[in-house]
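Here is a short report for a first look. Please keep the sequence and the 3D view side by side.

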Amino acid sequence: MNFSGTWVLTAVVAEDEIDLTDDGEDNASTDLFVQYDDCEKDIVYGFEDDRAYSFVAGGTSDCDNEQTTIGTWKLNETYGLTVVSSCFSQTSQLEVNDDFTEFTSEGNINYIDVNGETITSKTTFTYTKTAM
């Protein structure tokens with residue numbers, strides 16, 4: 001099991017159809033990734049062999065609100081990923097494919113659609129390991 005590497009966000013799928021784009025069309029979809037702008041799609045995790053990790057949002061798309069978080073990580077045998085940063089610890093349950101090239105995590109996320117309505121939807125985030 002080699003989880004170390006660089007992982008990029010490649011898909012965001014909601015259980016409910018949501019329209020996030022203010023394009024004048026009623027085109028709600030469960031595929032939220034296609035509705036994200038480049039900065040929202042630009043999410044990268046780096047997991048190092050020495051257990052250091054980084055999370056960078058908006059780092060490669062020339063985004064105004066670039067965010068970087070660093071800390072440590074641990075993956076247990078049942079794919080519970082724990083990250084620790086700034087005295088904060090968070091554990092997420094992951095589904096990892098057999099060859100460790102993709103993982104998903106799920107959560108209930110609040111979205112505000114184009115009509116200003118808040119929709120809470122179970123959402124699956126997919127990350128793909130990039131070549132090093």
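Buried means under 20% relative accessible area, exposed over 50%, and partly exposed in between (1.4 Å probe, protein chains only). This is a predicted model: local features need pLDDT of at least 70, side-chain atom pairs count only at pLDDT 80 or more, and totals for chains, interfaces and linings use all residues. Residues are numbered from 1 along each chain as its sequence is written, and side-chain values use heavy atoms, with hydrogens and water left out.

| Residue | Relative accessibility | Class |
|---|---|---|
| Glutamate 106 | 52% | exposed |
| Lysine 122 | 35% | partly exposed |
| Glycine 24 | 76% | exposed |

Searching the whole structure turns up one salt bridge (a side-chain nitrogen of Lys or Arg within 4 Å of a carboxyl oxygen of Asp or Glu). Glutamate 106 and lysine 122 form a salt bridge, at 3.6 Å from N to O. Glutamate 106 sits in strand β9 (residues 102-112) and lysine 122 in strand β10 (residues 118-129), 16 residues apart. Strands (E, at least two residues) are DSSP runs, numbered from the N terminus.

Now the interior. A nonpolar core is a set of buried Ala, Val, Leu, Ile, Met, Phe, Trp, Tyr and Cys residues joined through side-chain atoms within 4.5 Å. The largest one has 27 residues; Phe3, Val12, Phe47, Trp73, Leu81 and Tyr127 touch the most other members. Strand β1 gives the most to this core, with five residues. Phenylalanine 3 has contacts (heavy atoms within 4.5 Å) that include Phe47, Trp73 and Leu81.

Glycine 24 lies in the loop between β1 and β2 (29-31). Its C-alpha atom is 47 Å from that of glutamate 77.

Conventions:
Helix = DSSP H or I, 4+ residues; strand = E, 2+ residues; numbered from the N terminus. Lists of a residue's contacts leave out its neighbours within four places in sequence.
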